[in-house]
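Good morning. Please have the sequence and the structure open while I talk, and I will go through a few places one at a time.

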Amino acid sequence: MEDLRGGVAVITGAGSGIGEGLARVAAEQGMKVVVADIALDRADSVANAIAEQGGEALAVKVDVSDPQSIEALAATVHDHWGDVTLLVNNAGVETLGFSWELSAQQWEKTLNINIHGAIHGVRAFAPRMIAAGKPAWIANTASIGGLGMMPIQTSYILSKHAMISFSECLFLEMQIKQAPITVSAILPGPVATRIFEDGGTTTDTSSEQHRVMMNTMLEADGISGYEAAQRILPQLAAGDFWVSTHPDITREFAAGRAAHLSALAKPALPEEVLRGMGLSVNGK
Ligand SMILES: NC(=O)c1ccc[n+]([C@@H]2O[C@H](COP(=O)([O-])OP(=O)(O)OC[C@H]3O[C@@H](n4cnc5c(N)ncnc54)[C@H](O)[C@@H]3O)[C@@H](O)[C@H]2O)c1
């Protein structure tokens, strides 16, 4: 964590949940923190709370799905504080519904935020980080869901598979360039945040039921965004590629995925998982 002290951290989606936690913990570690979020009021209140604790924070409104907005964020940060030490492409949204029932706009919104948001983040920040020639860190928030499958959260789950793939390829690209940039994929387990409160759904009842059950599950079993960040930041600083909030669940999901693929098995979920999600397959 010493390596991060005094550096500049840019966290997207930092107005709430895991991003808010990361902003607070990074500030506690002596980083100057850019609290970037589409909801400026939330970003402001996180930045104010950090300042009240004696930290340095700058709230900036950004829409990660808009390349110009992220480019403007990168320019603002460089003008304000210079080279960036840590970028966390964290902003993400949930969208629930059967694949064919989500509108084109719902699909585009989800993929533009969850996938293109991180890509635009790297396009805007990585050239400056590479040019600075100093050790720096880029992390993309995926999910343990990126190691598995979950019907009705299809648009979200595929975006998290994409985040893992993007992070793996980006890691190798940095090695090819011999850039001193460490790349990580963050795979949070359950964290009690507003993600399912805000999650858009189609109007069908099973998707709405699924959203409510997921929200209830996170409220009951999820750790706080702050605690998640306390687990995440040391792993990032240590240069781990796979960064987890719940290592046992991550290992279980990874092993399950590996076994499933090596058997070239058909998609399947255990019945208890389906029941837990309020779902059934073939009416059972
Ligand atoms: N909560 C969990 O259990 C969990 C599990 C795995 C992965 N994740 C991932 O963690 C990340 C953070 O989610 P969270 O659970 O803290 O959710 P959250 O809803 O509490 O916070 C997400 C923040 O992103 C912001 N945001 C949304 N669209 C944006 C945009 N276009 N541009 C900029 N900011 C935008 C929101 O305003 C919000 O403040 C997401 O990528 C999510 O997929 C969460």
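**An exposed residue to start with**

Gln 178 is exposed, with a relative accessible area of 73%. Before I go on, note that this is a predicted model. Gln 178 sits in the loop between helix 5 and strand 7. Its phi is positive, about 50°, although Gln 178 is not a glycine. As background, most residues other than glycine have a negative phi.

Ile 152 belongs to the loop between strand 6 and helix 5. Is Ile 152 buried or exposed? It is buried, because its relative accessible area is 3% and the cut-off for buried is under 20%.

Now go to strand 6, residues 136–141. How many of its residues are buried? The count is 6 of the 6, so strand 6 is largely enclosed by the rest of the structure.

Which strands pair with strand 6? One is strand 7, which runs parallel to strand 6 and is joined to it by 6 bridges. Please find Trp 137, which stands opposite Thr 182 in strand 7. Next, find Ile 138, whose bridge partner in strand 7 is Val 183. Strand 4, residues 86–89, also pairs with strand 6 in the parallel sense, over 4 bridges. There, Val 88 stands opposite Ala 139 of strand 6.

**Ser 167 in helix 5**

From the strands we go to a helix. Ser 167 lies in helix 5. It counts as buried because its relative accessible area is 0%. What does its side chain reach? The side chain of Ser 167 reaches the backbone oxygen of Met 163, at 2.6 Å.

Leaving out residues up to four places away in sequence, Ser 167 touches Asn 140, Val 183, Ser 184, Ala 185 and Phe 241.

**The cavity**

Next is the empty space inside. Rolling a probe the size of a water molecule over the atoms shows where empty space is left. How many cavities of 30 Å³ or more does a search of the whole structure find? It finds 1. The space in the largest cavity is about 60 Å³.

Among the residues that line the largest cavity are Thr 12, Val 64, Asn 89, Thr 141 and Met 163. The lining divides into 5 nonpolar, 6 polar and 1 charged residue. Helix 4, residues 104–132, and helix 5, residues 154–176, each supply at least two residues of this lining. Helix 4 gives the most, with 4 residues.

The loop between strand 9 and helix 9 holds Thr 245. Thr 245 is buried because its relative accessible area is 0%. Its side chain and that of His 246 are joined by a polar contact of 2.6 Å. Setting aside neighbours within four places in sequence, Thr 245 has contacts that include Leu 187, Pro 188, Gly 189 and Arg 231.

Arg 211 lies in helix 7, residues 205–221. Is Arg 211 buried or exposed? It counts as buried, because its relative accessibility is 15% and the cut-off is under 20%. The side chain of Arg 211 makes a polar contact of 2.8 Å with the side chain of Glu 208.

Lastly, take Arg 211 together with Leu 96. They are 115 residues apart in sequence, while their C-alpha atoms are 6.9 Å apart in space. Leu 96 is among the residues that Arg 211 touches, and so are Phe 196 and Glu 197.

Definitions and conventions: Residues numbered from 1 in each chain as written. Predicted model: local features only at pLDDT ≥ 70, side-chain atom pairs only at ≥ 80, totals over all residues. Heavy atoms only, no water. 1 Å grid on protein atoms, 1.4 Å probe; cavity = no way out; pocket = protein on both sides within 12 Å on 5 of 7 lines; lining within 4 Å. Points joined across faces, edges and corners; volume = space filled by probe spheres on them. Nonpolar A, V, L, I, M, F, W, Y, C, P; charged D, E, K, R; others polar. Buried < 20%, exposed > 50% of the residue type's maximum accessible area, 1.4 Å probe, protein only. Polar contact = N/O pair within 3.5 Å; in protein donor to acceptor, adjacent residues only side chain to side chain. Contact = heavy atoms within 4.5 Å. Pairing = 2+ DSSP bridges.
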